[in-house]
Amino acid sequence: MDAMTQTAPHAPPSDPRQALAFRHVSKHFLRGDGSSLEVLRDVGFDVPAGSVVSILGPSGSGKSTLLNMAAGLLLPDDGRVLVLGHETSGTVDWSRLGYMFQDDRLLPWRTAVDNVGLALETGSMGKRERRERAQAQLAVVGLGEFGSSYPHQLSGGMRSRVALARSLVTEPDILLMDEPFSRLDAQTRTTMHTELLRIHRERGMSIVFVTHDVEEAVILADRIVMFSPRPGRVHTELSVDLAHPRLGTPEALTLVAELRAAIAGMSADWVI
Ligand SMILES: Nc1ncnc2c1ncn2[C@@H]1O[C@H](COP(=O)(O)OP(=O)(O)O)[C@@H](O)[C@H]1O
Ligand SMILES: [Mg+2]
């Protein structure tokens with residue numbers, strides 16, 4: 001049992017079926033010239049426990065802002081954000097969340113195993129156990145032989161695996177992923193999709209996967225929440241009831257085409 005989980009008490013969530021819930025969430029930012037930028041308007045949706053929900057939206061529609069709210073890094077101006085039934089402004093056991101960013105954010109002076117172990121350093125775990133867990137997690141993502149390599153010695157896909165291992169090593173119930181594979185080539189991205197779905201099958205955590213790529217959302221998600229251009233609002237929400245693997249299947253291709261048509265109808269400014 002994870003020491004951090006044991007030492008972090010939390011009240012039973014009010015609705016354990018929802019990993020995350022967004023209720024009438026709005027957010028503005030103040031710009032340099034003092035004017036206000038409306039980024040999110042009245043956003044509401046749920047992330048059922050154990051599901052993969054993709055937030056699909058154009059650049060600037062507030063996707064990263066919303067994930068930062070789920071991680072407790074930002075508060076909404078209006079509305080509520082609930083993590084496992086708890087308001088993010090109140091008491092949340094943050095050790096139950098993992099976050100994978102768009103850039104891998106690996107520390108160049110640390111080896112792969114020490115980059116992964118970093119995620120465990122806020123807890124009370126001893127150094128040896130941290131290293132053992134980090135090493136085991138690297139093996140889960142297929143990098144068991146590369147623990148002592150430095151980031152510059154690894155390919156883009158391998159670095160992405162290290163970042164994935166770092167976000168998984170705390171065994172989070174909820175994994176927030178912000179366009180984590182967008183910088184990878186198509187082949188490597190497909191491999192990472194397969195790996196992520198395998199780990200999801202094994203662990204059953206909830207995943208929120210932000211992307212601007214329609215095909216990526218269709219390949220991964222149980223549910224897609226499609227945002228309008230800024231200010232981000234929920235334009236369409238749909239379930240994806242297709243068996244895996246989906247890449248290249250006629251059903252997935254049809255859904256991709258339908259979503260692209262919906263985007264074209266929504267706005268000409270869907271930019272990535
Ligand atoms: N801290 C901030 N201060 C001011 N503007 C911000 C801040 N964070 C994000 N923005 C702006 O808010 C908008 C939405 O940003 P973001 O949530 O990153 O969108 P997305 O992830 O969908 O591309 C962008 O126009 C961005 O420039
Ligand atoms: Mg973003």
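Trainee: Which element supplies the largest share of the shell around ligand 1?

Mentor: In this predicted model, the largest share comes from α2, with 3 residues. Both α2 (63–70) and β2 (36–48) supply at least two residues each, and the shell as listed includes Lys63, Ser64 and Thr65 as well as Leu37 and Val39.

Trainee: What makes the approach of Thr65 to ligand 1 a polar contact?

Mentor: A polar contact is a pair of N or O atoms within 3.5 Å, and a polar side-chain atom of Thr65 lies 2.5 Å from an oxygen atom of ligand 1. The side chain of Arg230 has an N or O atom 2.9 Å from a ligand 1 oxygen, while Ser61 places a backbone N or O atom 3.1 Å from an oxygen of ligand 1. As for cover, the protein hides 61% of the 560 Å² of accessible area that ligand 1 has on its own.

Trainee: Why is Asp213 called partly exposed?

Mentor: Buried means under 20% relative accessible area and exposed means over 50%; Asp213 has 24%, so Asp213 is partly exposed.

Trainee: Where does Asp213 lie, and what does the side chain of Asp213 reach?

Mentor: Asp213 lies in the loop between β8 (206–211) and α7 (214–220), and its side chain reaches the backbone nitrogen of Glu216 at 2.9 Å. Leaving aside residues up to four places away in sequence, Asp213 touches Leu56 and Arg189.

Conventions. Residues are numbered from 1 along each chain as its sequence is written. Chains are lettered from A and ligands numbered from 1 in the order in which they are written. This is a predicted model: local features need pLDDT of at least 70, side-chain atom pairs count only at pLDDT 80 or more; totals for chains, interfaces and linings use all residues. Side-chain values use heavy atoms; hydrogens and water are left out. A residue is near a molecule or strand if one of its heavy atoms lies within 4 Å of it. A polar contact is a pair of N or O atoms within 3.5 Å; within protein, one must be able to donate a hydrogen and the other to accept it, and residues adjacent in sequence count only if both atoms are side-chain atoms. Accessible areas come from the Shrake-Rupley method with a 1.4 Å probe; for residues, only the protein chains shown count as cover. Helices (H or I, at least four residues) and strands (E, at least two) are DSSP runs, numbered from the N terminus. Buried means under 20% relative accessible area, exposed over 50%, partly exposed in between (1.4 Å probe, protein chains only). Contact means heavy atoms within 4.5 Å.
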